[in-house]
Amino acid sequence: MSSDIQVLESAVVRFAGDSGDGMQLTGSQFTTSTALSGSDLATFPDFPAEIRAPAGTTFGVSAFQINFGAKKIKTVGDAPDVLVAMNPAALKVNLATLRPGGMIVVDTGSFTKRNLQKAGYDANPLEDGSLEHYQLVELDATKMTVEAVKDFGLGNKEALRCKNMWTLGLMLWMFSRNRAPIIDWLKAKFAKLPDIADANIAALNAGHAFGETAELHSSIKRYTIGATKQEPGIYKTVTGSESLSWGLVAGSQLANLQIVLGSYPITPASPVLHTLSKMKELGVVTFQAEDEIAAICAALGAAYGGALGITSSSGPGIALKTEALGLAISTELPLVVVNVQRGGPSTGMPTKTEQSDLYQAIYGRNGDAPLPVISTRSPADCFEVAIEACRLATKYMTPVILLSDGFIANAAEPWKLPDMDALEPFPAKFVEEIGEDGFNPYKRDEETLARNWAVPGTPGAMHRIGGIEKSYDTGHISYDPANHQKMTDTRAAKVAGIAHDIPLQDVDQGAKSGKLAVVGWGSTYGPISEAVKAARAEGKDVSHIHIRYLNPMPSNMADLLAGFDHILVPEMNTGQLKTVLRDRYLVDATPLNKVSGQPFKITEIQAAINAALGEEG
Amino acid sequence: MTEQTKLTIKDFTSDQEVRWCPGCGDYAILKCMQRTLPEMGATLENTVFVSGIGCSSRFPYYMNTYGFHTIHGRAPAIATGLKLANPDLDVWVITGDGDGLSIGGNHTMHMLRRNVDLNILLFNNKIYGLTKGQYSPTTEVGHLSPSTPFGSVDPSLNPISFALGSGARFVARTVDTAQKHMPGVFMAAKEFKGASFVEILQNCIVYNDDAWSDITEKKAAPEKQLLLEHGEKMIFGAERNKGIVFDLAEFRLKVVNIGEDGVTEDDILTHDEKNHGMARLLAELGAGDGEPVAMGVLYNSPAETSYEKAVHAQVDYLASGSKRTLKDIVYGGQTWTVE
């Protein structure tokens with residue numbers, strides 16, 4: 001190794017190119033190598049909704065950002081240190097995110113007159129001096145890739161497809177990452193097409209070799225980033241979609257119930273359907289329904305039949321499921337509804353992240369229809385939260401909404417694998433013996449208020465349920481005014497009572513009372529955490545509270561919030577948690593809102609913290 | 001196993017007071033079901049009635065079996081999930097022309113296409129009863145109703161053609177008052193392994209009285225109904241002197257008089273319930289002057305398996321071939337160890 005290698009604490013690299021350039025693949029393979037070297041990391045795929053937008057256009061640009069370091073990494077990084085731009089459009093779209101003075105690696109071979117035009121450049125930015133404040137690394141990756149793979153007999157198009165591996169090879173060299181896991185992966189992926197595997201490996205090696213030789217004329221520097229000090233254990237890189245799906249299966253196993261997923265394809269929730277569909281060997285039943293309504297109805301029908309019903313979707317799909325959710329509340333059947341939120345309203349921005357379905361989750365049904373709502377904060381967190389959703393659904397005989405978002409679903413981070421044998425089982429209880437008084441489907445557990453559950457097939461427990469109001473005493477249809485009041489109150493009390501069956505709200509960082517609490521939920525965890533950490537390092541009296549249980553909230557929430565002079569609520573919506581907190585606890589919560597489809601930057605939250613403290617003077 | 005005493009109509013009758021309008025055709029269908037289930041060897045605990053919204057959808061409350069009164073149009077989707085959770089249940093979906101063909105038409109179509117092993121009874125009274133008389137997808141053009149005070153202008157749908165077009169492999173039609181005909185249809189539907197679709201011509205005494213009487217009245221019935229039996233000639237009429245032939249030139253079924261113009265019984269078509277093309281033509285019979293409406297089992301052609309059985313067969317096959325656990329999957333792939 002060269003002695004010129006510069007040691008960095010962390011770095012942010014953004015790979016950007018055409019949708020067809022394989023940038024997501026490049027990024028995820030860079031991630032694999034980085035994870036295996038022991039650095040902590042966070043990744044963020046940022047891709048367009050169009051599957052293959054016209055090549056070279058700005059709206060067809062796909063990007064993948066990774067923040068990795070020898071320290072704990074909680075966000076994908078505010079501004080990349082290095083931008084890899086595979087064409088002019090990728091440069092145009094992503095330049096604004098790059099930190100001042102950052103490095104731009106461009107493939108000059110793609111900066112043709114035609115591509116410049118398509119990207120909307122009047123002049124070539126590589127030549128007009130507009131990039132002089134950046135560290136520009138120009139290389140003809142196109143030409144060098146074609147050269148590297150020329151012995152494998154590929155056509156020009158196929159040869160150019162190896163360009164991403166050439167670029168990856170160079171970046172692996174630049175950050176002193178290991179090529180071996182990627183070579184293994186290529187061999188496995190193209191096991192049936194050895195020529196393609198060999199060509200890609202040759203391109204990868206050529207990119208790496210280019211780094212070695214280019215170093216001689218020092219236009220490119222080389223860096224290294226050490227391993228993070230992590231808790232001992234076995235780790236792997238996981239996306240939110242994967243860990244959430246696995247958590248649902250774990251939850252069904254802990255409940256000792258057959259899992260039946262009813263789902264309908266929708267961005268960005270489809271990977272949950274895909275992941276669970278691959279797990280049939282574990283007895284997982286998945287059903288791709290004709291629409292969102294049928295998806296939840298099938299899950300509910302399965303719950304009626306004694307299974308754990310699951311449905312997964314995103315905001316517009318959840319809207320369609322609303323009536324069936326009401327039926328699940330009325331018939332008090334266990335159901336987990338996963339909402340992987342995206343930009344709204346309506347179709348909104350399917351591939352961009354947002355957390356604007358909180359009102360929909362808590363309030364969005366006809367009638368007084370309460371249900372538990374819980375949220376996940378990160379890809380690794382999804383596993384535990386999914387299990388918790390299953391626990392609440394079965395223990396309390398209720399639908400539960402689990403809020404994730406597009407960022408969490410697609411982002412990846414290292415996950416310390418849980419001890420699977422130590423997970424606490426919560427077996428569902430079915431009515432099997434019928435007493436002399438007969439069977440009443442709405443007889444309740446005194447503590448949880450959950451109704452008893454007898455499934456079709458159970459002798460002697462025949463009963464009818466439905467969406468019409470039922471008598472508290474018999475479960476039969478009832479329009480009695482006092483009974484409706486009692487049933488409405490009981491349904492509310494059942495959900496409210498969950499507050500005593502969940503952990504008390506903790507303070508993630510800082511004191512349990514003080515000048516300012518930054519209160520968040522969901523995927524804003526990373527940037528809030530970093531911003532609070534930075535503020536506290538400057539001696540500021542700031543605490544971070546991150547809420548998992550949104551309905552009901554933990555029983556100590558009122559006292560906890562009352563202990564702070566100011567409450568700042570950063571959200572990727574126009575202030576939904578802020579309103580809920582004000583309503584429930586009569587606190588003067590200040591909103592910090594961002595609805596750009598992009599996660600918060602740490603600096604944005606830092607600025608709001610400073611403003612909140614400054615006002616206090 | 002101890003010997004079970006034979007169940008009776010009483011066992012299948014719930015303790016709930018029936019709340020349909022006096023004279024409603026639903027009573028007759030309910031009684032027929034309560035009477036026929038014991039004859040079919042059904043058990044109380046394995047029988048489930050799933051319904052949507054509408055007058056007919058109150059049906060489950062009156063059956064002393066398991067029952068799920070769901071939401072408008074969604075019974076087929078809920079029943080599909082129920083069968084996925086427990087393929088052994090005997091599931092009946094109760095729906096109407098509004099519930100099953102309008103708001104829930106999509107689910108009905110896909111349940112039939114998938115061939116979920118359950119029985120769907122569609123009570124067709126050509127009207128929205130529970131919401132007080134608006135026209136439905138099976139109402140004829142020109143019908144006066146609160147929502148069409150000057151007559152409806154949209155053409156109506158034939159439920160049997162819809163079911164066949166959706167891929168149904170068992171399709172039958174009967175009448176609410178036909179207490180002798182209906183049990184046989186129910187039995188055939190239950191026996192069929194897959195989605196069996198039964199249209200029941202049902203009279204709404206309040207909002208669409210006599211909507212079917214030109215077909216169902218005692219006097220009219222022999223001339224207006226063609227009672228199908230597999231392997232039997234398609235002969236009808238009070239005098240049993242009318243029959244159905246295939247008119248190749250017009251590519252349709254045609255009524256002929258036996259003994260006139262040299263027509264003999266040999267010329268009359270024999271019903272083959274496995275013939276899909278014939279079922280398509282029979283479905284539309286009755287639209288022309290003098291044509292009877294086909295009653296009984298129009299089509300009965302079982303597939304090798306049903307949807308939920310295929311789903312579970314795949315799961316069982318993959319599960320039996322794998323020793324992996326969830327832990328293996330979670331701990332699989334590229335991992336690293338921090339000491």
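# Exercises on a predicted two-chain model

The end C-alpha atoms of residues 53-200 of chain B are 17 Å apart, and this span is 30% helix and 19% strand. The model is a predicted one. The exercises below use values computed from it.

## Exercise 1: Annotated spans

Find which UniProt annotation covers residues 53-200 of chain B, and which feature UniProt places at residues 20-208 of chain A.

Solution. 
- Step 1. For chain B, the unreviewed UniProt entry gives "domain: Thiamine pyrophosphate enzyme TPP-binding" for residues 53-200.
- Step 2. For chain A, the unreviewed entry in UniProt lists "domain: Pyruvate/ketoisovalerate oxidoreductase catalytic" at residues 20-208.
- Step 3. Residues 20-208 of chain A are 41% helix and 16% strand, and their end C-alpha atoms lie 22 Å apart.

## Exercise 2: A serine in a loop

Locate B:Ser145 in chain B, decide whether B:Ser145 is buried or exposed, and list what B:Ser145 touches.

Solution. 
- Step 1. The loop between β4 (119-124) and α5 (159-165) of chain B holds B:Ser145.
- Step 2. The relative accessible area of B:Ser145 is 8%. Buried means under 20%, so B:Ser145 is buried.
- Step 3. Leaving aside residues up to four places away in sequence, B:Ser145 touches B:Gly133, B:Gln134 and B:Tyr135.
- Step 4. For B:Tyr135, the backbone nitrogen lies 3.3 Å from a polar atom of the B:Ser145 side chain.

## Exercise 3: One glutamate, two salt bridges

Over all chains, the count of salt bridges is 31. Work out which parts of chain A are joined by the salt bridges of A:Glu332 with A:Arg444 and with A:Lys494.

Solution. 
- Step 1. In the bridge between A:Arg444 and A:Glu332, the closest N and O atoms are 2.8 Å apart.
- Step 2. This pair links distant parts of the chain, 112 residues apart: A:Arg444 is in the loop between β16 (412-416) and β17 (464-466), and A:Glu332 is in the loop between α12 (315-331) and β13 (335-341).
- Step 3. The side chains of A:Glu332 and A:Lys494 also meet in a salt bridge, at 2.8 Å from N to O.
- Step 4. A:Lys494 lies in helix α16 (residues 481-497) and A:Glu332 in the loop between α12 and β13, so the pair ties together parts 162 residues apart in sequence.
- Step 5. The relative accessibility is 13% for A:Arg444, 1% for A:Glu332 and 4% for A:Lys494. A:Arg444 is therefore buried, as is A:Glu332 and as is A:Lys494.

## Exercise 4: A salt-bridge network

Describe the salt bridge of A:Lys395 with A:Asp501 and name the residues in the network that contains the pair.

Solution. 
- Step 1. The closest N and O atoms of A:Lys395 and A:Asp501 are 3.1 Å apart.
- Step 2. A:Lys395 is in helix α14 (residues 382-396) and A:Asp501 in the loop between α16 and β18 (514-521), so the bridge ties together parts 106 residues apart in sequence.
- Step 3. A:Lys395 is partly exposed at 33%, and A:Asp501 is partly exposed at 21%.
- Step 4. Through shared partners, salt bridges join A:Glu388, A:Arg391, A:Lys395 and A:Asp501 into one network.

Key: Residues numbered from 1 in each chain as written. Chains lettered and ligands numbered in written order. Predicted model: local features only at pLDDT ≥ 70, side-chain atom pairs only at ≥ 80, totals over all residues. Heavy atoms only, no water. UniProt positions renumbered as here; feature names shortened; annotations may be inferred. Helix = DSSP H or I, 4+ residues; strand = E, 2+ residues; numbered from the N terminus. Buried < 20%, exposed > 50% of the residue type's maximum accessible area, 1.4 Å probe, protein only. Polar contact = N/O pair within 3.5 Å; in protein donor to acceptor, adjacent residues only side chain to side chain. Contact = heavy atoms within 4.5 Å. Salt bridge = Lys/Arg side-chain N within 4 Å of Asp/Glu carboxyl O.
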